[in-house]
Amino acid sequence: MDYRTINSIALAYMGDAVYEQYIRQRVIERCHSPHADVMHRAGVRYVNASAQCAALKHILPQLSEEEAGVVRRARNHKIATKAKNADAVTYKWATAFEALIGYLFFAERSERLQEIMLLAAEFTESR
């Protein structure tokens, strides 16, 4: 499978799972709570449309042209679903963030993937 031709929604689908796993591990390492609901609430801070939108806008200047192209393609993709807790523009930016994560995952650029996820998590924590 050629990662450069994967549909941006499919990239976002995978990126959502990859980022969720990264955040869950981060929460477990920092939270030290034996309660799933406490960990879930801590994770929601990072994994929501508003947080992902803000994080992507923050790291956008640090993206390569290739990465920015993935973001543009995903952000401009027509989305058939409606967000539950975000306006359409915020939802598109969040989908673009997830697509970038998915793209880096499929491209097997694990070092860059970790760097982008760390930048996003640290930005979310600083807010």
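**Salt bridges and cysteines**

Author: Asp37 is partly exposed, with a relative accessible area of 43%. Bear in mind that this is a predicted model.

Reader: Which residue does Asp37 form a salt bridge with?

Author: Asp37 pairs with Arg41, and the closest N and O atoms are 2.9 Å apart.

Reader: Where do Asp37 and Arg41 lie?

Author: Both are in helix α2, which covers residues 36-44. They are 4 residues apart, about one turn of the helix.

Reader: Is Arg41 buried or exposed?

Author: Arg41 counts as exposed because its relative accessible area is 53%, and the cut-off for exposed is over 50%.

Reader: How many salt bridges are there in the whole structure?

Author: A search of the whole structure gives 9 salt bridges.

Reader: What does Arg4 meet in a salt bridge?

Author: The side chain of Arg4 meets that of Asp2, at 3.1 Å from N to O. Arg4 is exposed, at 51% relative accessibility. Asp2 is partly exposed, with a relative accessible area of 31%.

Reader: Is Arg112 buried or exposed?

Author: Arg112 is buried, with a relative accessible area of 14%. That value decides it, because buried means under 20%.

Reader: Which residues are linked with Arg112 and Glu115 in a network of salt bridges?

Author: Glu66, Glu67 and Arg109 are linked with Arg112 and Glu115 in that network.

Reader: Changing topic to cysteines. How many disulfides does the count come to?

Author: The count comes to 0 disulfides. The rule behind that count asks for a pair of cysteine sulfur atoms within 2.5 Å.

Reader: And Cys53, buried or exposed?

Author: Cys53 is buried, at 7% relative accessibility.

Reader: What does Cys31 count as?

Author: Cys31 counts as partly exposed, because its relative accessibility is 25%. Partly exposed is the class between under 20% for buried and over 50% for exposed.

Definitions and conventions:
Residues are numbered from 1 along each chain as its sequence is written. This is a predicted model: local features need pLDDT of at least 70, side-chain atom pairs count only at pLDDT 80 or more; totals for chains, interfaces and linings use all residues. Side-chain values use heavy atoms; hydrogens and water are left out. Buried means under 20% relative accessible area, exposed over 50%, partly exposed in between (1.4 Å probe, protein chains only). A salt bridge is a side-chain nitrogen of Lys or Arg within 4 Å of a carboxyl oxygen of Asp or Glu. Helices (H or I, at least four residues) and strands (E, at least two) are DSSP runs, numbered from the N terminus.
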